[in-house]
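Reader: I've got this one open on my screen. Can you walk me through it?

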Amino acid sequence: MKIDYIVKEELLRSFPVLVVSFLIIGLLNREGYIPRGMSGVFILALFITAIHFSFMVWYRKKEQIDNNNFSVITNHILSSKSPDEKITEICKDEETKISSSIREHMGLLLVTILLYIAYLYASLVYNMDQIYWILLLLFIGVSLSKIIYGERKANQKDPMRLLVFYVIACTFIFVRYLVLDYPILPILKGSIILGILLIFLVLGIKWFAVQTEFR
């Protein structure tokens, strides 16, 4: 039996979703926020994965999205344009995509990652003073701004890039907390709350832009 290509792509995407869901729920379970056994943690992670899989298959088929890039699909969901305009937006020149900005500044991204690894290594082996983390954090912030937003004026007005910036910045911070064995749960809760607020901000900006166009 031939499997629909969208179903196949979302099945493959479900594996990392399951792993990430299991790790996050397991962490919350270990800290006592979700009092369940390991079997309960797995079932809950499986349930979240099933919801994600069902929604993605339904939405991609409904909107006829062939591109399986998650950032493209997310941008499509948050967009308030008509289905025809959304499909046209996905097929725009590659230069307008976030991935294009990242490729253009791949050298800067590699330098940032290598510097970050060197910082973590020095912190573990030589017990480096953590005051340097503030300087490194500033450098990472500037680098990510350059990498994600690029030089185009149109990129500066894209609110989706703010979410991408936030997710990548949080990844750098979480890795530091895990490697240096700092308590991660407080910053995890704070980042989730801030992330939800940013999503509402992006939706608000999108809605305001649409209302302005109709006036």
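Predicted model: local features only at pLDDT ≥ 70, side-chain atom pairs only at ≥ 80, totals over all residues.

Reader: Which hand does the crossing of H7 and H9 have?

Author: Right-handed, where H7 passes H9.

Reader: And which residues make that contact?

Author: From H7, the list includes Trp-133, Leu-137, Ile-140, Gly-141 and Leu-144. From H9, it includes Arg-161, Phe-165, Ile-168, Phe-172 and Arg-176.

Reader: Where does H7 sit, and how far apart are its end C-alpha atoms?

Author: H7 covers residues 132-149, and its end C-alpha atoms are 26 Å apart. That agrees with expectation, because 18 residues at 1.5 Å a residue should span 26 Å.

Reader: Which residues of H7 are buried?

Author: Trp-133, Leu-136, Ile-140, Ser-143, Leu-144, Ile-147, Ile-148 and Tyr-149.

Reader: Why would residues three or four places apart point the same way?

Author: An α-helix has 3.6 residues a turn, so residues with that spacing point the same way.

Reader: What comes just after H7?

Author: Gly-150, which takes a positive phi of about 65°.

Reader: Next, H6. How does H6 cross H7, and at what angle?

Author: The axes of H6 (residues 106-125) and H7 come within 10 Å and cross at roughly 160°. That makes the two helices roughly antiparallel. The crossing is left-handed.

Reader: Which residues make the contact between H6 and H7?

Author: On H6 they are Leu-108, Leu-109, Thr-112, Leu-115, Tyr-116 and Tyr-119. On H7, they include Trp-133, Leu-136, Phe-139, Ile-140 and Ser-143. Lys-146 of H7 is also one of them.

Reader: What about H6 and H9: parallel or antiparallel?

Author: Roughly parallel. They pack at an angle of about 20°, with their axes 11 Å apart. H6 passes H9 in a right-handed crossing. The H6 side of the contact is Thr-112, Ile-113, Tyr-116, Tyr-119, Leu-120 and Leu-124. The H9 side is Phe-172, Ile-173, Val-175, Arg-176 and Val-179.

Reader: Back to Thr-112. Buried or exposed?

Author: Thr-112 is buried, because its relative accessible area is 1% and the cut-off for buried is under 20%. Thr-112 belongs to H6.

Reader: What is Thr-112 in contact with?

Author: Leaving aside neighbours within four places in sequence, Thr-112 contacts Phe-139, Ile-140, Ser-143 and Phe-172. Take Phe-139: Thr-112 is 27 residues from Phe-139 in sequence, and their C-alpha atoms are 8.0 Å apart.

Reader: New topic. Glu-10: buried or exposed?

Author: Buried, with a relative accessible area of 0%. Glu-10 lies in helix H1 (residues 5-30).

Reader: What does Glu-10 touch?

Author: His-52, Phe-53, Met-56, Val-57 and Arg-60, not counting residues up to four places away in sequence.

Reader: And Ile-192, where is that found?

Author: In helix H10 (residues 185-214). Ile-192 is partly exposed, with a relative accessible area of 44%. From Ile-192 to Cys-170 is 22 residues in sequence and 9.9 Å in space, C-alpha to C-alpha.

Reader: Where does UniProt place the "transmembrane region" feature?

Author: An unreviewed UniProt entry places it at residues 12-29, 41-59, 106-124, 130-149, 161-179 and 191-209.

Reader: What does the model have at residues 41-59?

Author: The span is 100% helix and 0% strand. The end C-alpha atoms lie 27 Å apart.

Reader: And over residues 106-124?

Author: Here too the chain is 100% helix and 0% strand, and the end C-alpha atoms are 27 Å apart.

Reader: Zoom out. How many helices and strands does the chain have?

Author: The chain has 10 helices and zero strands.

Reader: How much of the chain is buried?

Author: Buried residues make up 34% of its 215 residues.

Reader: Last one. What share of the contacts with a separation of 6 or more comes from residues 24 or more positions apart?

Author: Such residues account for 61% of those contacts in the chain.

Terms used. Residues numbered from 1 in each chain as written. Heavy atoms only, no water. Helix = DSSP H or I, 4+ residues; strand = E, 2+ residues; numbered from the N terminus. Expected span 1.5 Å × (residues − 1). Buried < 20%, exposed > 50% of the residue type's maximum accessible area, 1.4 Å probe, protein only. UniProt positions renumbered as here; feature names shortened; annotations may be inferred. Axes fitted to C-alpha atoms, helices over the stretch in contact; angles between N-to-C directions. Parallel < 35°, antiparallel > 145°, perpendicular 65-115°, else oblique. Left-handed = near helix turned anticlockwise from the far one by under 90°. Contact = heavy atoms within 4.5 Å.
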